[in-house]
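The entries follow the order in which I looked things up.

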Amino acid sequence: MTRVEFGPELEAFRAQVRAHIAEHHPGLPRLPGTRSPDAEHLPRYRRWCASLFGAGLLGGDWPVEWGGDADHDPIRDYIVDQELADAKVPRPIGAWNLVCGALFAYGTPEQQAYYLPRIRSFDDLWCQLFSEPDAGSDLAALRTSAVRNGDDWVINGQKVWTTHAHVADLGLLLARTDPQAPKHEGISAFIVDMRAPGVTVRPLREMTGASDFNEVFFDDVRLPGDSIIGAPGDGWPITRAALSHERSQSLREDSATNAVRRLAAFAVDTDADAGVHRNLGRFYARSAVADLLGMEGVLKDAAGRSRSYDAPVVKVLFTETNLDIATYALDLFGARGVLTDPDPDVIADGHFQKAFLYARGFTISAGSNEVMRNLIAERGLGLPK
């Protein structure tokens, strides 16, 4: 990442993060994109993530009663993000930061007391059950139903593109409880046990070779009455509260500047011409701007000054820079660019071949770049719809 020097207190915190990584290093790789840990690595992965919360490196922005810091500095989150990336150790995956935002704002005291500590200890790994085959960018068009039956709720429907569903313990589900209400008003939020009878998870094979996205089917799944978050019909404001908390988090994909540095090392080793060096300079400038805009976003969120189009700007800039760098790398490497381990002629451990396969997906996930550009145009530039 682009290195920014901070004052003595924050640099001392950086040293604390590095010491924690050195002492508790999980011995697991930092996986690209949305990859999930292998099943045999999950116990070690959970312990690692729990250690980050236990040491106060994550969750500092939580309410004090749930383990947060009264005087939390959001730059600490940015530093943790940098150091985890530089050390190439895993980040906590799943929808934990989405879920805690929902629970902070709408959870009952009983839900908060049970689930929030289990998020910090990583006893529960969460997934997000939002998108459907006909409800992606237009999430309010979802059709999965929740019908009251005695004290329970009965769920029927399908979700798709659910990351980590195959390893998750629990899911945050949006379902329609009032089909007669306007589409944004008839939605409710639920906590789902991913191993409940009637829940079927089917991994989707991706061009990366991984299967980390899933289809999830609900066939007469019975949820207890206290599994609903908030009141029936609160699903849309709960989603907004959850997404607001998720966007305030610093954890994100690795900085593109690290990829440029790896390409620069290759250019030096192969005595590349001046044109290659000029292109790498341009890429480094773009990726550094993305890094600094990301840090600015953390500061704006903390000060309550963020605008609705700030995050879309960073998202478009980072994902398209990331894709352009990966594409250029494969062009630069030629035929060897498609090789992966353990081929003896592989370049950079096959990093750029994997990066290229994931990069296009980043321009689509979390709101496609076309949707992001509409948000920027309408909300930032005041252009007509």
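Entry 1, ground rules. I take helices (H or I, at least four residues) and strands (E, at least two) as DSSP runs, numbered from the N terminus. I note that this is a predicted model, in which local features need pLDDT of at least 70 and side-chain atom pairs count only at pLDDT 80 or more, while totals for chains, interfaces and linings use all residues. Residues are numbered from 1 along each chain as its sequence is written, and side-chain values use heavy atoms, with hydrogens and water left out.

I searched the whole structure for salt bridges (a side-chain nitrogen of Lys or Arg within 4 Å of a carboxyl oxygen of Asp or Glu) and found 13. One of them joins R373 to E320, at 2.7 Å from N to O. This pair links distant parts of the chain, since R373 lies in α11 (residues 369-380) and E320 in α9, 53 residues apart. R373 counts as partly exposed because its relative accessibility is 40%, and E320 counts as partly exposed because its value is 25%.

I also looked up R14 and E83, whose closest N and O atoms are 2.7 Å apart in a salt bridge. R14 sits in helix α1 (residues 8-24) and E83 in helix α3 (residues 74-87), 69 residues apart in the chain. Are R14 and E83 buried or exposed? Both residues are buried.

A further salt bridge, between K300 and D310, has an N to O distance of 3.4 Å. K300 belongs to helix α8 (residues 274-303) and D310 to helix α9 (residues 310-333), ten residues apart, and both K300 and D310 are buried.

For α9 and helix α10 (residues 351-362), the angle is about 145° and the axes are 9 Å apart; axes are lines fitted to C-alpha atoms, for helices over the stretch in contact, and angles run from 0 to 180 degrees between N-to-C directions.

Notes: Buried < 20%, exposed > 50% of the residue type's maximum accessible area, 1.4 Å probe, protein only.
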